[in-house]
There are 2 protein chains.
Amino acid sequence: MRLVSYRHNDAPGVGVMVDDTGFVALNNAAPDLPSNLRRIVAMEDGLSRAAAAADGKSADLTFDDVDLEPVITDPNAIWALALNFRTHIDETGLTTSPDYPHIFLRHAKSHVGHLRPLLAPPPDVGQAFDYEGELAVIIGKPGRHIPKDRAMDHVAGYSIHNEGSVREFQSHNRQFGLGKNFEASGSFGPWMMTPDEFGDPYEKEIITRLNGRERQHEGVDGLIFNVEALIHYISIGHILRPGDVIVTGTPGALPPADDDIEAQIESHVDDGGGVKYAGRVHMKPGDVCEVEITGLGILRNEVEADLPNAYRAG
Amino acid sequence: MRLVSYRHNDAPGVGVMVDDTGFVALNNAAPDLPSNLRRIVAMEDGLSRAAAAADGKSADLTFDDVDLEPVITDPNAIWALALNFRTHIDETGLTTSPDYPHIFLRHAKSHVGHLRPLLAPPPDVGQAFDYEGELAVIIGKPGRHIPKDRAMDHVAGYSIHNEGSVREFQSHNRQFGLGKNFEASGSFGPWMMTPDEFGDPYEKEIITRLNGRERQHEGVDGLIFNVEALIHYISIGHILRPGDVIVTGTPGALPPADDDIEAQIESHVDDGGGVKYAGRVHMKPGDVCEVEITGLGILRNEVEADLPNAYRAG
């Protein structure tokens, strides 16, 4: 089963996909269920009731009718991984512990849904605005001190994450802070796919395309700390809750092709503090970024220019 | 005006304080207002309606009747500051940028309210569990690219934060991640005080006491990046929203007195990776930690042992 979060006529809704763009609106098919995927996931029988309500029905809405939202709109926590693929560690030249995952947080409003615009900062604010294609894991059953061999019992589903980053701000100080949390800088979607349908995550591949050209392409089995290890580690300190999201980390860039002038950048730290390296191309207004995870789907976002750098209240 | 968030008979509520422990329950006095302080703050006339509803009434509940919650229970973002007092930078020997604030995020469930227990990790998980007394700023009017000279127009009120930290986990990798987000490791309260009642924050002092002994005591004017600078900086990248919280950073420890054996620790990094230094004493089950900000109040929490390190689901 694949579930989407959306807004339609200014009201929130959750849908069960029947094909790649059409879905059964649970507000109609199961009006007793909450209009919020986190709250459905938190119910012991929420996903099975959603499946039963949608069973055999045809789509009553499509992606053209609605604004898709981040799959989980209001998680308690979005745990994100830095430097969790060897290829990304190597390309950045950065250090990370071999013993412990490298974790920071994102907040909900730093993301948009599938097909909604990513916002590139005004040029005087930041120009090193980068994609990061990643597998997102959504927690179902809550738990604490979860052993690795029971970790997968706590997964409600999987999704795709573009962990968009403003490198200049990420480099302002040692904690990533604001650079990983710019307004609408990342995306999360299109849907949550349940584990029975997704299968073994380590047989899948992450592919990021900018304007149709592959920029990242690596197997999920390249994760240094895998899904089980991350669930175990985070749950040592925190009750993992229904709807908590773990964004598992991004692979390195593909080497540039001979004709790929834009990507032929020597590895260096530029004046603004952003790390550049061969194969990485920043996102600019007008670009289209797609993150595909095989067997899961494609998360697609155009890039728009954020509003100019002027005071805006209210 | 001082406002509290609480649960009573398993329902959420917001109260307007009439003395230091009694309050008018807005669920009774203003049933049209939301039972959620973030949502009241988000209304243009929310705080004035709360004040009018409570005006002249006597308390109908006290702190003994309820469980106090973190002042804002469900913020979109809690922005926290590392190394924002010279005294704290000096005692840790850590580096920070002189040009940009050092920001990380906390999530809501890493906090409890006033008088609720802080949870000390099981000893095999972490022992360097530290208080950090801090001034918290709660955003009212939303805004982006807010200039410093208009920053204070966006403050709905102030509160007190104990930014409790598990140093071993904070040191596991370069991003603080989990070490700053242990379950119930911090506290936030007792109330939000509106700016008209609080006055000039830079004339106030932060005092942290562990078991009655002062461990931190410094003026808010010691902030390196002050409230206006932090609001300006964060709003460059993010729409500051009603109920967003900025936790402004903690001062250094007081030097230990001659009879204060527990605090006479040489500055060093211990085997677990925790930074210790003279004057800092970790929190243990049975301790009582108070953070006072003069003119604002006292945030008080006992420390309890978290449950043993065993798998817990559901």
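Modeller: Gladly! Keep in mind that this is a predicted model. Let's begin with strand pairing in chain B: S2(B) and strand S3 (residues 22-25) run antiparallel and are joined by three bridges.

Biologist: What joins S2(B) to S3(B)?

Modeller: A hairpin does, passing through four residues. To read the pairing in detail, pick a residue and look across: Gly15(B) stands opposite Ala25(B) in S3(B).

Biologist: How many bridges join strand S1 of chain B to S2(B)?

Modeller: Six, and these two strands also run antiparallel; S1(B) covers residues 2-8. Here Val4(B) stands opposite Gly15(B).

Biologist: Which residue takes a positive phi in the hairpin of S1(B) and S2(B)?

Modeller: Look at Asn9(B), with a phi near 50°. That hairpin has two residues between the strands.

Biologist: Is S2(B) mostly covered or mostly open?

Modeller: To judge that, count neighbours: a residue is buried if 20 or more other C-beta atoms lie within 10 Å of its own. In S2(B), residues 11-17, five of the seven residues are buried, which makes the strand mostly covered.

Biologist: Let's turn to chain A. Where are its domains?

Modeller: Domain 1 of chain A spans 2-68 and domain 2 spans 78-305. Taken over C-alpha atoms, their centres are 26 Å apart. Twelve residues of domain 1 and 15 residues of domain 2 take part in the contact between them.

Biologist: Which element gives the largest share of the side of domain 1 of chain A that touches domain 2 of chain A?

Modeller: H2(A), with four residues. Elements supplying at least two residues each are strand S1 (2-8), helix H2 (37-42) and strand S5 (67-68) of chain A. By residue type, that side of domain 1 has nine nonpolar, three charged and no polar residues.

Biologist: Which strands pair across the two chains?

Modeller: S23(A) pairs with strand S12 (residues 143-144) of chain B, in the antiparallel sense and over two bridges. Look across once again: Arg312(A) stands opposite Arg144(B) in S12(B).

Notes
Residues are numbered from 1 along each chain as its sequence is written. Chains are lettered from A and ligands numbered from 1 in the order in which they are written. This is a predicted model: local features need pLDDT of at least 70, side-chain atom pairs count only at pLDDT 80 or more; totals for chains, interfaces and linings use all residues. A residue is buried if 20 or more other C-beta atoms lie within 10 Å of its own, exposed if 12 or fewer, and partly exposed in between; C-beta atoms are placed from the backbone. Two strands pair if DSSP finds at least two bridges between them. Domain bounds come from an automatic or database domain assignment. Two residues are in contact if their C-beta atoms, placed from the backbone, lie within 7 Å. Ala, Val, Leu, Ile, Met, Phe, Trp, Tyr, Cys and Pro count as nonpolar, Asp, Glu, Lys and Arg as charged, and the others, Gly among them, as polar.
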